[in-house]
Amino acid sequence: MAMAALRREGRRFAPLISPRPITAVRSSPIVPTHEDEAPIGVRYISTQVVRNRMKSVKNIQKITKAMKMVAASKLRAIQTKAENSRGLWQPFTALLGDLPSVDVKKNVVVTISSDKGLCGGINSTSVKISKGIYKLNSGPEKETKYVILGEKAKAQLIRDSKKDIELIITELQKNPLSYTQVSVLADEILKNVEYDALRIVFNKFHSVVSFVPTVSTVLSPEIVERESESGGKLGELDSYEVEGGETKGEILQNLAEFQFSCVMFNAVLENACSEQGARMSAMDSSSRNAGDMLDRLTLTYNRTRQASITTELIEIISGASALEG
Amino acid sequence: MLRRASMLLARRPILAASARPFSTDLPAAPSADATFTEAWTKVIPNMDPPKTPLSFMQPRPPTPSSIPSKLTVNFVLPYASELATKEVDMVIVPATTGQMGVLPGHVATIAELKPGVLSVHEGSEVTKYFVSSGFVFIHANSFADIIAVEAVPLDRLDVNLVQKGLAEFTSKLSSATTDMEKAEAQIGIDVHSALNSALTG
């Protein structure tokens, strides 16, 4: 009798390392994360399942931490470039002003977004702003077209605005961003798209946690002439002497193209910085979330383990007391 | 302590509005923004309107009544700001119509640049850069904005490479067939001969 009890005890200690067959059959495959205690006598979920989940959550935490580090280093590299390029668009705005509310027939919205995901909400913001500008500039005899840079905006805009998309450009950041690349891009856009006003939508980088959606307007030379003749903001433009070239129109054409490429260059750099910054904060909150999840799972694991030990002890003791009579 | 708190409170909205924390109120600028923001809020009431470049820029001073003594120059390149609001006596820019000297009080001008030498005169010292091309805006308030695609100080140029490049493009021009190739070769020759004269002259 005592031998039987000992034998049973011997068997009982082994399953602490591996799950008992009865428990494995009874336990549900889904991990219950509720903290409330079940009535006594019920077998809890197997610790193996909880341990597997803990391992995968820990791996996810490591991955997101690594992604955050990578994003931080990429941000450092590109931030200096973006800040140096900030002086580039200012002379144009100083000369031509900024007229986002200009009323033109042909609008082109250039939406700049990222190719890769996991960067928080910046791409959705850009797309929402682009759609807002589309709505703002809709009216009789007016048309608005999209030029899309980046996969994420393409995925969102292609769903409902497919017929308004003129040009889609992806894989912008395959090679490090340079002015030559962006000017070739700008050239392509200007060649293929008819425009009266180009509105470039991007996220301006203020700091690692703040990205401001911004829209820059570049007007075509004809509209610049029209606005300067009608006075108002561009009225002073007539007072500027234009040197060189055959006609003023030619110089203004070159000016508009140059302005577009400069503004695009700055916009693309700022958006890239915002993307990396947003990815850093997204990955940071994700690692923190994984850490919280891990804590909760550890508690569940310990509780499960202790509950199964308690159950076994109860069985042993009740078995022993039943034997004693 | 109260004074500091009120200073902080006063400074914070400006900090929020612009990337440059020390910019003062924008004089005439908000009018364009105001029409835009109003139109936006009417059509899309749920979202904040996007910012526009005017809110990120320091405003330029208005035209003074008398000619100022110095010219304020901003010389920017895509990857750096060479000179930012630097006060100088004179700059000589290589406009398409020839070398143009800019002094304070110059009439407002927009000029396109051709490859050539840009020299900045400050007191007795002269800094020379070779500029590939770009634009120069001279405003009535004696501000000059020079935007160039590429600019290098003259001492960074290598004479041998310039000669080689010139010979290469001359041969390309003679062997060019399409208009595109001819144009490219011609541009190469223009730039290299300008480089040459910059180094020799």
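## The second largest cavity

In this predicted model, the strand β5(A) contributes the most to the lining of the second largest cavity, supplying four residues. The elements that each give two or more residues to this lining are α4 (90-96), β4 (197-207), β5 (210-219) and α9 of chain A. The lining comprises 16 residues, and those nearest the centre of the cavity are W89(A), T93(A), S216(A), V263(A) and P53(B).

The volume of the second largest cavity is about 130 Å³, and the model has four cavities of 30 Å³ or more. By class, the lining of the second largest cavity consists of seven nonpolar, seven polar and two charged residues.

## The largest pocket

The largest pocket has a volume of about 1200 Å³. It is lined by 29 residues, among which S183(A), S132(B), S133(B), V149(B) and I187(B) are the closest to its centre. Of these 29 lining residues, 15 are nonpolar, eight are polar and six are charged.

## The contact between the chains

The contact between chain A and chain B draws on 44 residues from chain A and 45 residues from chain B. On the side of chain A, the residues that lose the most area to chain B are L136(A), Y240(A) and E243(A), which together account for 15% of what that side buries.

The size of an interface is often expressed as the accessible area that is lost when the parts come together. Here the area buried between chain A and chain B is about 3900 Å², and carbon and sulfur atoms give 74% of it. The number of salt bridges counted between chain A and chain B is zero.

## Two single residues

E257(A) belongs to helix α9 of chain A, and this residue counts as partly exposed because its relative accessible area is 31%, which falls between the limits of 20% and 50%. Although E257(A) and S183(A) are 74 residues apart along the chain, their C-alpha atoms are separated by 9.2 Å.

N141(B) sits in the loop between β8 and β9 (143-148) of chain B. This residue is classed as buried because its relative accessibility is 12%, and buried means under 20%. Leaving aside residues up to four places away in sequence, N141(B) touches R60(B), P61(B), P62(B), T63(B) and P64(B).

Technical notes:
Residues are numbered from 1 along each chain as its sequence is written. Chains are lettered from A and ligands numbered from 1 in the order in which they are written. This is a predicted model: local features need pLDDT of at least 70, side-chain atom pairs count only at pLDDT 80 or more; totals for chains, interfaces and linings use all residues. Side-chain values use heavy atoms; hydrogens and water are left out. On a 1 Å grid over the protein atoms alone, a cavity is a set of points where a 1.4 Å probe fits but cannot get out, and a pocket is an open set with protein on both sides within 12 Å along at least five of seven lines; lining residues have an atom within 4 Å of a point. Grid points are joined across faces, edges and corners, and a volume is the space filled by probe spheres set on the points. Ala, Val, Leu, Ile, Met, Phe, Trp, Tyr, Cys and Pro count as nonpolar, Asp, Glu, Lys and Arg as charged, and the others, Gly among them, as polar. Buried means under 20% relative accessible area, exposed over 50%, partly exposed in between (1.4 Å probe, protein chains only). Contact means heavy atoms within 4.5 Å. Buried area is the accessible area (1.4 Å probe) that two parts lose on being put together, summed over both. A salt bridge is a side-chain nitrogen of Lys or Arg within 4 Å of a carboxyl oxygen of Asp or Glu.
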